[in-house]
Amino acid sequence: MRFAAETSLAVANADLDRISSTRPETIATRKAELESAKADEMLSQATYKRQIELARTGNTPQARVDEATRNLQMASRQRESAQAALELATTGASKEERALAAAQVKQAQAVLNQRDVDLDELVIHAPISGQVTTRVAAIGENFSAGAPLFSLIDMHNLWFTFNLREDLLGGLKIGDQFDVTVPALNSQVVPVRVTMINVQGQYAAWRATRATGDFDLRTFEVRALPIEPVDGLRPGMTAVAEWANRGR
């Protein structure tokens, strides 16, 4: 679509240049034609005068005078036509023709600008810099506004998530630090800091096993961020924390 709009703009610009320009060789040709027409007119004028004088003395018929008159008129019209052609070649197109050509250029430029806007709207920019983990979109499919196209992961903002029964929280609070072990990284020990503690829904409750004297326990999501960047850490890796012995 943009290529066609660019071509239309180039054609409109070329037409405007053609209308606005004058060619020296054309002007030279028109000048030569005008000089030739002037010479023909002068010759016709001389022939006309001679026939008029002869007619006064009765030495030429009236038909010769009429013929000389017609030839003079025709030569005058040819001279006027050559003069107009020279003026047109010198000044170029009329004001109206130039205005029309300029308007066509503006119209073609507007179409090209609209094509650029349309193309910009077709370009999707990711809100973050990261790695694509899931591709939903496929060429040829239609997607409505807000529909997911890709799944991205910010590799510089990874964290660990643990689901803890509430009786194992042990007074844990935001900002606390502890160590986890990542088996996929040769059991590397990674210090982490708690950044979020959030209760899970009722579906994640631990049901009491005794009919009396006990109560259901809720599950809490604990999010912990590595204190230092960890090379090779990727989403989906397992992290092990010695939680039962924590603080004991």
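1. In this predicted model, F178 stands opposite V192, a residue of strand β5. F178 belongs to strand β4, residues 177–182, where the side chains alternate.

2. Strand β5 covers residues 188–199 and pairs with β4 in the antiparallel sense, over six bridges. The two strands form a hairpin, with five residues between them. One of the residues in the turn, N186, has a positive phi of about 55°.

3. β5 is also joined to strand β6, residues 219–226, by seven bridges. These two strands run antiparallel. Here N198 has E221 in β6 as its bridge partner.

4. How many strands does the open sheet have, and in what order? There are four, in the order β3-β6-β5-β4, and the pairing is antiparallel. The edge strands are β3, residues 160–165, and β4, each of which pairs on one side only. From one strand to the next, the twist averages 45°.

5. Helix α3 runs over residues 62–91. Its 30 residues should span 44 Å at 1.5 Å a residue, and because the end C-alpha atoms are 44 Å apart, the two values agree.

6. The buried residues of α3 are V65, A68, L72, A75, S76, A82, L86 and A89. They pack against α2, residues 24–56. An α-helix has 3.6 residues a turn, so residues three or four places apart point the same way.

Conventions
Residues numbered from 1 in each chain as written. Predicted model: local features only at pLDDT ≥ 70, side-chain atom pairs only at ≥ 80, totals over all residues. Heavy atoms only, no water. Buried < 20%, exposed > 50% of the residue type's maximum accessible area, 1.4 Å probe, protein only. Pairing = 2+ DSSP bridges. Expected span 1.5 Å × (residues − 1). Contact = heavy atoms within 4.5 Å. Axes fitted to C-alpha atoms, helices over the stretch in contact; angles between N-to-C directions.
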